[in-house]
Amino acid sequence: MPALLRRAGLVVTAALVALLALAGPAFAHGADAPDGTDYRTEVTGLTPARSGLTVRTVEAGARLELINRSGRDVEVLGYSGEPYLRVGPNGVYENTRSPATYLNRTISGDTQLPPEADPAATPVWQRISGGQSVRWHDQRALWLESAPPAQVAADPERRHRVRDWVVPLRDGDATVEVRGTLDWMPPPDAYPWWVAATLGFLAIGAAGLAPAGTRALRGVGVLLALGGAAAVAFTVGRELDAGAEGLGGGLLGLLSGQTWALLTGLAAVAAGGYALARREAADYAPALAGACPAPIAGVAN
C-alpha cells in the first residue's frame with residue numbers, strides 16, 4: 001500500500017507540473033501588468049530624434065521607461081502639460097504638484113489626488129533616484145476601461161488599432177514627442193493548449209501507473225526535467241520582459257524578485273536528472289521536486 005500511494009502521489013504531482021508548465025505562457029506578465037492582456041503597447045520613436053534619449057516599454061507594456069544619457073535635463077509632461085518627471089545628470093525628480101505623480105502610481109490610475117496636486121502650480125521637485133532612467137505608468141499608452149473599444153467589441157477576432165498615442169517631453173526649450181501605438185491583439189486559440197495539457201497528463205499518468213521499472217522512472221524524469229526547464233525559461237523571460245539591462249541586471253532581478261521560482265525550476269531539472277540516473281529514492285525525488293514548482297512557479301503565475 002505505501003508503494004502504491006507513493007506512485008499515485010508521483011503521478012498527481014508530476015501531472016500538475018506538466019499542466020502548469022504548459023499553461024505558463026498564457027499567463028506571462030510583468031511586475032505590475034495584468035495577469036493576461038490582449039492589448040499591446042509599443043513605442044515607435046521620438047519626434048524629432050534626440051541623441052542620448054531612449055524610450056521603450058517594459059513590463060508587458062505596463063510602463064514606459066525613459067533613459068537619458070544626453071547630459072542635460074529632460075522633463076516628462078503630465079496630462080495637463082505640466083512638468084511631471086525630470087531626468088538628468090543629477091538624478092530623477094518628480095513634481096509633487098503634478099496630478100500625474102499620484103495617478104501613475106498604479107496601472108489603474110485610481111489614486112485619490114491630494115489637495116496640493118495642481119497642474120497650474122509652480123513645480124516642487126522631489127528627488128527619487130540618482131540614476132539616469134525612470135519608469136512610469138502612462139494612461140495615454142494604456143487602455144484602462146473594463147469594456148473593450150467599440151471596434152473590438154464588434155469584431156474581437158481581428159487585430160485593431162485602438163489609438164496612436166503621444167507623450168510629450170521637454171528638452172530645454174524644445175518639445176519632443178514620444179510616439180507609439182496601442183493595439184488589440186486577438187487572444188490565441190485555447191484548444192491547442194488544452195489538447196497539449198491533456199496529452200501531457202495522460203503521458204505522465206501512463207508512466208506513473210506502469211509497473212515499477214526503469215522505463216517509467218526515466219519517462220517521469222524526462223518530463224520533470226522538461227517542466228523544470230520550462231519554469232526556468234518562464235522566470236528568465238519574465239525578468240527580461242520587466243526591462244532588465246545586461247547580464248548583471250538580469251541576475252540581480254532574478255535573485256531579488258524571482259528567487260523561489262528560479263530555484264524550484266532548477267531543482268526540478270536536478271531531480272529529473274537524479275531520476276534518470278536511477279539513484280536511491282529516485283521516485284521520491286521527482287515527487288518532492290514536482291510538488292514545489294506547481295504552487296511557486298505555476299499557480300503563482
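Reader: Over which ring does the charged end of Arg86 sit, 4.6 Å from its centre?

Author: Happy to start there, with a reminder that this is a predicted model, where local features need pLDDT of at least 70, side-chain atom pairs count only at pLDDT 80 or more, and totals for chains, interfaces and linings use all residues. Residues are numbered from 1 along each chain as its sequence is written, and side-chain values use heavy atoms, leaving out hydrogens and water. A charge sits over a ring if NZ of Lys or CZ of Arg is within 6 Å of the ring centre and within 35 degrees of the ring normal. Arg86 lies over the face of Trp125 at 4.8 Å from the ring centre, while the ring at 4.6 Å is that of Tyr93.

Reader: How are the rings of Tyr39 and Trp143 arranged?

Author: Rings of Phe, Tyr and Trp (its six-membered ring) pair if their centres lie within 6.5 Å; planes under 30 degrees apart count as stacked, over 60 as edge-to-face and the rest as tilted. The structure holds two aromatic pairs. In this one the centres are 6.4 Å apart and the planes at 25 degrees, so the pair of Tyr39 and Trp143 is stacked.

Reader: Which residue forms an edge-to-face pair with Tyr39?

Author: Here the distance is 5.2 Å centre to centre, with 70 degrees between the planes. The partner, in strand β10 (residues 174-184), is 145 residues from Tyr39. That partner is Trp184.

Reader: Is Glu59 buried or exposed?

Author: Buried means under 20% relative accessible area, exposed over 50%, and partly exposed in between (1.4 Å probe, protein chains only). Glu59 lies in the loop between β2 (53-58) and β3 (63-68). With a relative accessible area of 6%, Glu59 is buried.

Reader: Which element of the chain has the lowest mean pLDDT?

Author: pLDDT is the predictor's confidence in each residue, from 0 to 100, and the chain has a mean of 81. Where pLDDT is low, the predicted coordinates should not be read in detail. Strand β4 (residues 74-77) has the highest mean among the elements, 98, and the lowest, 49, belongs to helix α1 (residues 2-23).

Note on methods. Helix = DSSP H or I, 4+ residues; strand = E, 2+ residues; numbered from the N terminus.
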